[in-house]
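Reader: I've got a chain to look through. Can you walk me through it, surface and helices?
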Amino acid sequence: ERSVQDELSRETYGDLATIAISYILMFLYITIALGQHSDFSVNGLMIESKFTLGLFGVMIVLLSVFASIGIFALIGVPATLIIFEIIPFLVLAVGVDNIFILVQTYQRD
């Protein structure tokens, strides 16, 4: 029989592609939804399309997932499938929503 750690390892690495694809899609969604596409020059692409906003927004979300897993590991909370399968998607959804709220608040002021 397989141990819990073996099953956890197998499930975690099996879902890495799904998690990576979802983070890439959210990055593209932020870039397209918040950006303006009037100029197709390099400066227009980087500034008006909100490319860097999408990139750093998704990076902050990804780093927060790693930090939370690290903190829980540090204090000795055992790793479960919920931590590796649910938390990345939940944090991604909340993080992307917060990006839209922050941009809307900034544009209003």
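Reader: What sort of model is it, and what are the ground rules?
Author: This is a predicted model: local features need pLDDT of at least 70, side-chain atom pairs count only at pLDDT 80 or more, and totals for chains, interfaces and linings use all residues. Residues are numbered from 1 along each chain as its sequence is written, and side-chain values use heavy atoms, leaving out hydrogens and water.

Reader: How many helices and strands?
Author: The protein chain has six helices and zero strands. From the N terminus on, the order is α-α-α-α-α-α. Helices (H or I, at least four residues) and strands (E, at least two) are DSSP runs, numbered from the N terminus.

Reader: What percentage of the residues count as buried?
Author: Of the 109 residues, 22% do. Buried means under 20% relative accessible area, exposed over 50%, partly exposed in between (1.4 Å probe, protein chains only).

Reader: And the contacts, what share join residues at least 24 apart?
Author: Among contacts between residues at least 6 apart in sequence, 68% do. Contact means heavy atoms within 4.5 Å.

Reader: Let's go to α2. How many residues, and what reach?
Author: α2 has 19 residues. From its first C-alpha to its last, α2 reaches 27 Å, close to the 27 Å expected at 1.5 Å a residue. The expected span is 1.5 Å times one less than the number of residues.

Reader: Which α2 residues are buried?
Author: Ile19, Ser22, Tyr23, Phe27, Ile30, Thr31 and Leu34.

Reader: Why would residues three or four places apart point the same way?
Author: An α-helix has 3.6 residues a turn, so residues at that spacing point the same way.

Reader: What covers the buried residues of α2?
Author: The cover includes α4 (51–74), α5 (81–85) and α6 (87–108).

Reader: Take Tyr23. Buried or exposed?
Author: Tyr23 counts as buried, because its relative accessibility is 5%. Leaving aside neighbours within four places in sequence, Tyr23 is in contact with Val58, Val61, Leu62, Val65, Pro88 and Leu92.

Reader: How many residues lie between Tyr23 and Leu62 along the chain, and what separates their C-alpha atoms?
Author: They are 39 residues apart along the chain, with C-alpha atoms separated by 8.3 Å. Tyr23 and Leu55 are 32 residues apart in sequence, and 10.0 Å apart C-alpha to C-alpha.

Reader: What about Thr31?
Author: A polar atom of the Thr31 side chain lies 2.9 Å from the backbone oxygen of Phe27. Thr31 is buried as well, at 10% relative accessibility.

Reader: Which residues form the nonpolar patch on the surface?
Author: Ile21, Ile24, Leu25, Leu28 and Ile32, with about 490 Å² of accessible area together. Of these, Ile24 lies in α2. Like charges are joined within 9 Å, nonpolar side chains (Val, Leu, Ile, Met, Phe, Trp, Tyr) within 5 Å.

Reader: Over to α4. What span should it have?
Author: At 1.5 Å a residue, the 24 residues of α4 should span 34 Å, and its end C-alpha atoms are 34 Å apart, which agrees.

Reader: Which α4 residues are buried, and what do they pack against?
Author: Gly54, Gly57, Val58, Val61 and Val65 are the buried ones. They pack against α2 and α6.

Reader: And Leu53?
Author: Leu53 lies in α4 and is partly exposed, at 29% relative accessibility. Beyond neighbours within four places in sequence, Leu53 is in contact with Leu34, Ile99 and Val103. Leu53 and Val103 are 50 residues apart in sequence and 9.4 Å apart, C-alpha to C-alpha.

Reader: Last one. Which residue takes a positive phi just after α4?
Author: Gly76, at about 95°.

Methods: Patches are made of residues with over 30% relative accessible area and no salt bridge: like charges are joined within 9 Å, nonpolar side chains (Val, Leu, Ile, Met, Phe, Trp, Tyr) within 5 Å. Accessible areas come from the Shrake-Rupley method with a 1.4 Å probe; for residues, only the protein chains shown count as cover. A salt bridge is a side-chain nitrogen of Lys or Arg within 4 Å of a carboxyl oxygen of Asp or Glu. A polar contact is a pair of N or O atoms within 3.5 Å; within protein, one must be able to donate a hydrogen and the other to accept it, and residues adjacent in sequence count only if both atoms are side-chain atoms.
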